[in-house]
Amino acid sequence: MIPNIITLLNLLCGCIAAVYAFKDQLILAGIFVAMGIVFDFFDGFAARFLKVTGELGKQLDSLADMVTSGLVPGIVMCQMLADATGHSTTLFTVEDGLAWSTATSLFAEVTFLGFLITAASGYRLAKFNIDTRQTDSFIGVPTPANAILIISLGIMTQITSVDLIYSILTNPYVLIAITLLSCYLLNAELPLFALKFKNFGWKGNEIRWIFIVICIALILTLNIYAVPCIIALYVVMSVVNNTVSKSGVM
């Protein structure tokens, strides 16, 4: 039950993050998503360490990820689109309780395109559970990485003092493009390495350790702005690694 309890903590974090995301408190939502992703990493590690892997844990893990890394980024993108189009979609208000605010403009319906990310995440997680190719690597961007990307963009919108970044991330057409790109990358036939350590030695984990070191350097220098760079680096390093491996160099 230990790995399953850790997975349920992931789910709990996702539920709390969803509440904050609906309230447009994206920094708090991001904190709980980050906590959930940490639990998501350690539940699999605990299962392998305790040698108690099983079908229940696999299914439970995907269900938890559907909330933390599927529902929450969808809500965040909805909030970003709502802000970009001038329509509030805040679910929770002190005065009105649980109720969607009214929107008179047809363009306001564009805000719900953010939930395409949730739909694409659900499809990706369902494929993952039946795809035997994804035991030690991923096919398509994993939902936690995608969630981190989308939520970081939402946080950047709220805290940035750089006019160019703000203008880009509050452009509805840019946000729709990001949404469609996110949906594609989640389900693309793109082999990506996984941060799954069978041991912590250098041999066999070279690309993982190099990636982690670069990520730390980027975070220390760019803070929240490092996240999109890290996701792009992850995809590029995976493509290069696949190309080198196929050529027989490694």
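Predicted model: local features only at pLDDT ≥ 70, side-chain atom pairs only at ≥ 80, totals over all residues.
## A charged trio

The side chain of Glu189 meets that of Arg133 in a salt bridge, with 3.0 Å from N to O. Glu189 sits in the loop between helix H7 (172-187) and strand S4 (191-193), while Arg133 sits in the loop between helix H4 (116-130) and strand S3 (137-139), so this pair ties together parts that are 56 residues apart in sequence.

Side chains of opposite charge can pair when their charged atoms come close. The count for the model comes to 2 salt bridges, and Asp131, Arg133 and Glu189 are linked in a network of them.

Arg133 counts as partly exposed, at 46%.

## The whole protein

Time to step back and look at the overall layout. The secondary structure comes to 9 helices and 4 strands. If you follow the chain along its sequence, the pattern reads α-α-α-β-β-α-β-α-α-α-β-α-α.

The protein has 250 residues, and 45% of them count as buried. It exposes about 13000 Å², with carbon and sulfur atoms supplying 72% of that area. What about contacts across the sequence? Take the contacts between residues at least 6 apart in sequence: 73% of these join residues at least 24 apart.

Next, have a look at helix H2, which covers residues 26-50. Which residues make the nonpolar surface patch? They are Ile27, Leu28, Ile31, Met35 and Ile159, and the patch comes to about 400 Å². Helix H2 gives the most to it, with 4 residues.

## Aromatic rings

Now for the rings. How many aromatic pairs does the model have? The count comes to 6. One of them is Phe41 with Phe42: the ring centres are 5.1 Å apart and the planes sit at 90°, so the pair is edge-to-face. Phe41 is partly exposed, with a relative accessible area of 33%, and Phe42 is partly exposed too, at 41%.

Another pair is Phe193 with Phe211, whose ring centres lie 5.5 Å apart with planes at 80°, so these two are edge-to-face as well. This pair links distant parts of the chain, with Phe193 in strand S4 and Phe211 in helix H8 (residues 206-222), 18 residues apart. Together with Tyr234, Phe193 and Phe211 form one aromatic cluster.

Ser238 is found in helix H9 (residues 226-247) and is buried, with a relative accessible area of 1%. A polar atom of the Ser238 side chain lies 3.3 Å from the backbone nitrogen of Phe193.

What else does Ser238 touch? Leaving aside neighbours within four places in sequence, Ser238 is in contact with Pro191, Leu192 and Phe193.

## Asp24 and its contacts

Last stop: the loop between helix H1 (2-22) and H2, where Asp24 lies. Which residues does Asp24 touch, not counting those up to four places away in sequence? The answer is Gln79, Asp83 and Gln158.

Asp24 and Gly154 are 130 residues apart in sequence, yet 9.3 Å apart in space, going from C-alpha to C-alpha.

Note on methods: Residues numbered from 1 in each chain as written. Heavy atoms only, no water. Salt bridge = Lys/Arg side-chain N within 4 Å of Asp/Glu carboxyl O. Buried < 20%, exposed > 50% of the residue type's maximum accessible area, 1.4 Å probe, protein only. Helix = DSSP H or I, 4+ residues; strand = E, 2+ residues; numbered from the N terminus. Patch = residues over 30% accessible without salt bridge, like charges linked within 9 Å, V, L, I, M, F, W, Y side chains within 5 Å. Areas by Shrake-Rupley, 256 points an atom, 1.4 Å probe, with all protein chains shown as cover. Phe/Tyr/Trp six-rings, centres within 6.5 Å; stacked < 30°, edge-to-face > 60°. Polar contact = N/O pair within 3.5 Å; in protein donor to acceptor, adjacent residues only side chain to side chain. Contact = heavy atoms within 4.5 Å.
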